Amino acid sequence: MILIIGGAHCGKRNYAATYLGYDLKHMSNQLHGAPVLYDLQALLQECADYEIILPALRQKQVIICNEVGCGVVPMDDHERTWRETVGRVCCMLAREADKVIRVQCGIGTVIKGE
């Protein structure tokens with residue numbers, strides 16, 4: 001599995017298409033179906049217990065997630081819990097991933113794997 005992380009609108013999906021060979025029909029923001037899942041952070045916002053979706057996440061070839069833990073700590077409890085959940089799930093996925101790529105300005109930097 002490949003995990004792609006980066007800020008919002010930084011070219012993560014375009015990077016997956018250009019450098020990993022996936023086109024839009026291979027990508028979905030839904031848990032089931034396409035081999036590439038994007039907007040993991042949005043999926044986690046709708047999910048009460050992330051451990052329920054971990055088995056399905058582990059079946060994906062590529063997971064794309066916005067980095068949400070690099071800024072101001074939200075004052076709202078729900079937003080803070082969601083942000084922490086996204087960070088924890090990304091850490092778990094990164095540990096299991098063959099490759100982790102951070103994309104900024106459309107440029108990918110491999111931070112794990114080759």
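By class, the residues lining the largest pocket comprise 10 nonpolar, 3 polar and 2 charged. The structure is a predicted model, and this briefing takes its largest pocket, which holds about 210 Å³ of space, together with its second largest pocket, which holds about 180 Å³.

**Largest pocket**

- Of the 15 residues that line the largest pocket, those closest to its centre are Ile5, Glu67, Gly87, Cys90 and Cys91.
- At least two lining residues of the largest pocket come from each of two elements, the strand β1 (2-6) and the helix α4 (77-96).
- The element that gives the most to the lining of the largest pocket is α4, which contributes 6 residues.

**Second largest pocket**

- The lining of the second largest pocket is formed by Ala8, His9, Cys10, Gly11, Lys12, Arg13, Asn14, Tyr38, Asp39, Gln41, Ile64 and Asn66.
- Sorted by class, the lining residues of the second largest pocket divide into 4 nonpolar, 5 polar and 3 charged.

**The two linings side by side**

- The lining of the largest pocket includes 10 nonpolar residues, while the lining of the second largest pocket includes 4 nonpolar residues.

Notes:
Residues numbered from 1 in each chain as written. Predicted model: local features only at pLDDT ≥ 70, side-chain atom pairs only at ≥ 80, totals over all residues. Heavy atoms only, no water. 1 Å grid on protein atoms, 1.4 Å probe; cavity = no way out; pocket = protein on both sides within 12 Å on 5 of 7 lines; lining within 4 Å. Points joined across faces, edges and corners; volume = space filled by probe spheres on them. Helix = DSSP H or I, 4+ residues; strand = E, 2+ residues; numbered from the N terminus. Nonpolar A, V, L, I, M, F, W, Y, C, P; charged D, E, K, R; others polar.
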